[in-house]
Amino acid sequence: MTTIGFIGSGHVGGTLARLAAHAGYDVVLSNSRGPETLADLVEEIGTRARAATPAEAARAGDLVVVSVPLAALGDLPVADLAGRTVVDTCNYYPQRDGRIPVLDEETTTTSELLAALLPGAHVVKAFNNIAWVHLPMLARAPGDPERSALPVAGDDDTPEAAAAKRAVIELVERVGFHAHDVGPLAEGWRFQRDTPAYAAPYSPDGLNVWPPERGRQVTAAELAELLAAAQRYRDM
C-alpha cells in the first residue's frame, strides 16, 4: 500500500490528504506547528491518517507532497527527502514569500528551485494550478465524461525519475482527475501563477474569484491550448 507524506497540511495539503485517503492511500500529515495540532484532521480522515513531524512524514512517504510557502523551503527536512518522490504544489507569491530574484527574472521555475534544494529527490510538479476548493468539487471517477485535466511536469531522463513521474500521474488519476503530461520539470512554468492555465479556467466565470462556489470542467484539449498559450515576460 502506498503511503503519502504531507509536509504542509493546510488548505491544499489537507484537501489532497482527504482525497488520497478516500482513494486508498495511507497519509502521514505534518505541519510547522506540531502533530498535536492536526488531531481534528486526522480524526476526520480516519484510520488511514496519522500525524507526525515533517521529517517523520518525509521518511514515511513513498511520495511526499510539499505544500508550504516558498519562504519556508529552507525548513524542509532535506536529508529525509533524499531519494523520495516529491510532489511540488507550491506557488510563488511575492507579497507572502518576499522577492526571489531568480523567479522574478524567470531564470528558473518554482519546482526547479525546490529540486535544487533537495539533492537526490525526484521533484514532480502537480496540483498547483487549481484552487484547493475546486479539488473536491471537480474530482470524478475514472471514465466520467466530466473529469477535468490537471497538468503534471517532471523529468523522466532516468529510470528513477520516470518511475517518480508515473507515481504522481497515478496519484492525480486516482484522486479524480486526468493527468496531462506537460513534459520535463522545466516546463512547469507553463502552469505557474499568472499563466492562462492557472486557477481561472476551473471557475465557471473564467475568473480567479474567491471564494468560488462552483467548479468548471477543463478538458485535456482545453488545457493543452492554455498551456501552449503561456508566455514568459522575458520573451514578450
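Which residues of helix 1 are buried? They are Gly13, Gly14, Thr15, Leu16, Ala17, Leu19, Ala20 and Ala21, where buried means under 20% relative accessible area with a 1.4 Å probe and protein chains only. This is a predicted model, in which local features need pLDDT of at least 70, side-chain atom pairs count only at pLDDT 80 or more, and totals for chains, interfaces and linings use all residues. Residues are numbered from 1 along each chain as its sequence is written, and side-chain values use heavy atoms, with hydrogens and water left out.

Helices (H or I, at least four residues) and strands (E, at least two) are DSSP runs numbered from the N terminus. Contact means heavy atoms within 4.5 Å.

| Helix | Packing elements |
|---|---|
| Helix 1 | strand 1 (3-7), strand 2 (26-30), helix 2 (39-45), strand 4 (63-66), helix 8 (134-138) |

In helix 7 (residues 110-117), Thr110, Ser111, Leu113 and Leu114 are buried. These buried residues line one face of helix 7, because they fall within an arc of 155 degrees seen down its axis, the arc being that of the directions from the helix axis to the C-beta atoms.

A nonpolar core is a set of buried Ala, Val, Leu, Ile, Met, Phe, Trp, Tyr and Cys residues joined through side-chain atoms within 4.5 Å. The largest has 42 residues, of which Leu29 and Phe127 touch the most other members. Helix 1 (residues 11-22) gives five residues to this core, the most of any contributor.

Terms used:
Buried means under 20% relative accessible area, exposed over 50%, partly exposed in between (1.4 Å probe, protein chains only).
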